[in-house]
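Trainee: Could you walk me through how to read a few features of this structure, one at a time?
Mentor: Gladly; have a look at it first.

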Amino acid sequence: MAKNDIMLDLHDIHKSFFIGTPNEFEVLHGVNFSVHEGEFVSIVGQSGSGKSTLMNIIGALDRPTSGEYTLDGVDIEKAKDHELSILRNKKIGFVFQTYNLIARTNAIKNVELPMMYAGVPRGERTERAKLLLEQVGMTHRMMHNPDELSGGQKQRVAIARAMANDPAIILADEPTGALDSATGRLIMDIFHKLHEEQGKTIVLITHSPELSQETERIITLRDGDIKGESVGNWAKIKEELAC
Amino acid sequence: MLITENILLALAGLKSNIMRSLLTMLGIIIGIASVIAIMTVGNSITVMVNTQMQEMGANNLTVGVSAKSTSEESTTSGLHFGAGNRREMDTEDYLTDEMLDSFLQEYGDNIKYTLLSSSVGSGTAMDGDLYAYVNITGYNEDYMDYTDLTLLAGRSFIEKDYENAQKVCIVSDYFVNNMFDGDTSAALGSSIEVNVSGKYYTYYIVGVYEYENDSYSSSSTEDTTTDLYIPYDTARAQLHTENDGYESITLVTTIDTDSEAFADTVENYFNVKYYSNNEDYEVTVTSMASMIESMTTMISTIELALAIIAGISLVVGGIGVMNIMLVSITERTKEIGTRKALGATNGSIRLQFITESVVICIMGGFIGIILGIVLGAVAATYMGYSASVSVVAIVVAVAFSMGIGVFFGYYPANKAAKLNPIDALRYE
């Protein structure tokens with residue numbers, strides 16, 4: 001597949017729920033935006049702004065009611081259900097607020113999981129899982145199950161898992177929401193490192209304007225519409241942190 | 001590839017909750033164990049009955065005189081006392097030596113032995129305070145050849161013994177132990193007196209045979225009744241029946257003869273030639289082969305019926321597995337959502353849960369098979385049969401438990417596969 005400069009392209013995305021019933025309501029009223037390869041973008045909005053719905057659509061977990069969505073050159077509208085599964089597997093790396101590691105399964109197996117679904121041979125995926133865990137500084141806890149890890153450690157494993165199939169975008173939904181500020185800082189630093197050193201495209205979804213300031217571009221969502229775009233302030237924040 | 005992953009995953013899941021896994025398997029274990037146990041017992045009985053009957057002779061034909069069945073009788077078969085005005089069976093109705101001779105002249109090639117025996121009765125041999133229980137039976141020459149006794153000392157009967165109805169006998173080593181303190185040479189040539197319900201019979205011991213304890217009913221050794229062999233003609237002379245015919249004769253056919261088909265020929269021969277004018281009696285021939293067959297069929301039918309009843313518990317076990325799978329899927333909704341977000345297709349989620357259910361069922365099946373074999377073996381041994389495991393039952397049990405796993409796992413697995421990933425992810 002030809003690499004496209006534009007990684008995500010959403011055009012006039014509408015999403016309604018309970019279609020055809022008296023309860024029908026529209027959550028997204030025609031959202032337009034695109035994300036370029038290597039960008040670090042945040043989508044900010046209060047709860048009820050429609051950001052979760054938007055995230056589900058970006059993550060190919062849900063389909064828009066109308067509008068066009070292209071992910072790394074693939075038209076989502078035309079994809080069948082099992083093709084969406086493959087798309088999620090290969091092109092999207094999810095990082096959840098609640099980590100969502102598989103219970104009773106050690107860190108390395110958790111990281112291997114997306115590769116298992118992608119059909120990567122066992123030896124190869126163990127190798128890669130070790131490498132990814134090393135990148136997030138979790139080599140020493142590879143064999144531990146999630147219930148033996150702290151929140152920050154779990155989230156680091158989750159980031160390693162999101163990177164497993166070298167996805168087109170990393171989609172992080174409130175990744176620091178359940179962590180204390182120091183640990184949250186650590187997680188954000190990992191995202192910055194991935195962005196700066198590996199040129200990863202990252203979409204961060206958050207309710208916190210403060211956190212969104214760390215990204216290159218901020219898309220503000222309110223009541224299902226994009227209310228504006230602004231530029232982040234990472235360089236300055238980085239400097240302040242260094243002091 | 002996904003299969004091995006799923007099996008490992010299922011095993012890890014089972015291990016992490018051993019108590020629940022065991023309880024889930026319990027239904028399958030009990031079901032499979034009871035089916036296997038029943039089959040093992042049934043199989044043991046069949047094998048035992050078969051070998052016993054084979055020993056008695058699969059080539060044996062019993063030629064017997066029996067009441068003619070009238071059409072009226074066959075419709076009201078069952079209890080039919082009195083049988084109208086039929087007269088008692090008389091010596092005239094018996095098979096005679098002439099009939100037998102002419103039959104053997106015609107069909108002698110198909111007959112290996114003609115077995116004739118006449119029972120004198122059970123009695124006690126006594127000498128002072130020494131005693132031994134015996135069954136006195138007279139056998140003809142063919143019968144003695146057929147029986148093929150293992151002689152420990154002395155000789156078998158000779159022609160003169162039969163012709164002159166000599167009062168000679170062959171006793172068991174057991175008998176010698178009781179009566180002669182095990183001294184075989186003292187026993188040979190000695191005369192013994194046997195009391196058969198008040199009548200006294202005297203015989204000279206000419207041989208001692210090795211008593212084979214073939215029954216498991218090892219009652220107190222002192223009281224064991226052993227056979228005392230005497231010549232056929234001696235028995236008939238002592239019973240004053242030397243001129244009577246035979247109510248029944250056993251024929252042993254040669255190996256090459258199809259005994260079941262031959263049975264009809266024999267029946268026909270006697271009935272057409274000798275019994276066509278007899279209003280009340282006819283000759284019936286039963287072959288041992290057909291008896292074995294009907295016996296085996298009967299046992300298998302009973303066994304099958306019992307196995308089906310036991311099989312019901314398997315279905316109950318399967319429902320238990322399904323129940324736990326449904327619970328487990330609800331518990332793991334979030335995991336399913338996560339897996340879907342990470343790229344699991346509906347097919348791989350379905351496969352994961354079906355594998356889990358099949359693994360539970362197969363493990364339960366294996367435990368059940370082992371338990372069933374042990375139970376069956378214990379039961380068979382207790383009942384006095386040597387245990388014989390039915391391989392077919394094991395193969396069927398494994399296949400069946402796998403089938404149960406798939407059947408009862410499919411619905412929950414499909415439910416899991418069809419979960420909406422967004423709802424599943426949000427599930428708490």
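Mentor: Let's begin with a cavity: A:Met116, A:Tyr117, B:Leu2, B:Asn6, B:Leu9, B:Arg339, B:Ser348 and B:Gln352 line the second largest cavity. Keep in mind throughout that this is a predicted model.

Trainee: Which elements supply at least two residues of that lining?
Mentor: Helix H3 (107-118) of chain A does, together with H1 and helix H13 (346-382) of chain B. H1(B) has the largest share, 3 residues. By class, the lining of this second largest cavity holds 4 nonpolar, 3 polar and 1 charged residues, and the volume of the cavity is about 30 Å³.

Trainee: How many cavities of 30 Å³ or more are there?
Mentor: The count comes to 2. The largest cavity holds about 50 Å³ of space.

Trainee: What lines the largest cavity?
Mentor: From chain A come A:Arg88, A:Asn89, A:Ile92, A:Gly93, A:Phe94, A:Pro114, A:Arg161, A:Ala162, A:Asn165 and A:Pro167, and from chain B comes B:Leu342. Helix H2 (81-91), strand S6 (92-95) and helix H5 (151-162) of chain A each give two or more residues to this lining. S6(A) provides the largest share, with 3 residues. Sorted by class, the lining of the largest cavity has 6 nonpolar, 3 polar and 2 charged residues.

Trainee: And pockets, how do I read those?
Mentor: Unlike a cavity, a pocket is an open set of points. In this structure, about 1400 Å³ of space lies in the largest pocket. There are 40 residues lining the largest pocket, and the closest to its centre are B:Tyr139, B:Tyr143, B:Thr147, B:Asp227 and B:Tyr229.

Trainee: Which element gives the most to the lining of the largest pocket?
Mentor: That is H2(B), with 5 residues. Other elements of chain B giving two or more residues include strand S3 (117-127), strand S4 (130-139), helix H5 (141-147) and strand S9 (226-231). The classes in the lining of the largest pocket are 16 nonpolar, 15 polar and 9 charged residues.

Trainee: How should I describe two helices that pack together?
Mentor: Two packed helices are described by the angle between their axes and the distance between the axes. Take helix H1 (residues 2-16) and helix H2 (residues 18-57) of chain B: the angle is about 105 degrees and the axes are 5 Å apart. H1(B) is therefore roughly perpendicular to H2(B), because angles of 65 to 115 degrees count that way.

Trainee: Which residues make the contact between H1(B) and H2(B)?
Mentor: H1(B) brings B:Leu14, B:Lys15 and B:Ser16, while H2(B) brings B:Ile18, B:Ser21 and B:Met25. By class, the contact of H1(B) with H2(B) has 3 nonpolar, 2 polar and 1 charged residues.

Trainee: How do I read burial over a whole helix?
Mentor: In helix H7 (residues 173-180) of chain B, 6 of the 8 residues are buried, so the helix is largely enclosed by the rest of the structure. Those buried in H7(B) are B:Tyr174, B:Phe175, B:Val176, B:Asn178, B:Met179 and B:Phe180. After H7(B) comes B:Asp181, with a positive phi near 55 degrees.

Trainee: What does the count give for helix H1 (residues 51-58) of chain A?
Mentor: There, 7 of the 8 residues are buried, so H1(A) too is largely enclosed by the rest of the structure. The buried residues of H1(A) are A:Lys51, A:Thr53, A:Leu54, A:Met55, A:Asn56, A:Ile57 and A:Ile58. Just after H1(A), A:Ala60 has a positive phi of about 60 degrees.

Trainee: What do the buried residues of H4(B) pack against?
Mentor: They pack against strand S2 (111-115), S10 and H10 of chain B. In helix H4 (residues 97-107) of chain B, the buried ones are B:Met99, B:Leu100, B:Ser102, B:Phe103 and B:Tyr107.

Definitions and conventions
Residues numbered from 1 in each chain as written. Chains lettered and ligands numbered in written order. Predicted model: local features only at pLDDT ≥ 70, side-chain atom pairs only at ≥ 80, totals over all residues. Heavy atoms only, no water. Axes fitted to C-alpha atoms, helices over the stretch in contact; angles between N-to-C directions. Helix = DSSP H or I, 4+ residues; strand = E, 2+ residues; numbered from the N terminus. Parallel < 35°, antiparallel > 145°, perpendicular 65-115°, else oblique. Contact = heavy atoms within 4.5 Å. Nonpolar A, V, L, I, M, F, W, Y, C, P; charged D, E, K, R; others polar. 1 Å grid on protein atoms, 1.4 Å probe; cavity = no way out; pocket = protein on both sides within 12 Å on 5 of 7 lines; lining within 4 Å. Points joined across faces, edges and corners; volume = space filled by probe spheres on them. Buried < 20%, exposed > 50% of the residue type's maximum accessible area, 1.4 Å probe, protein only.
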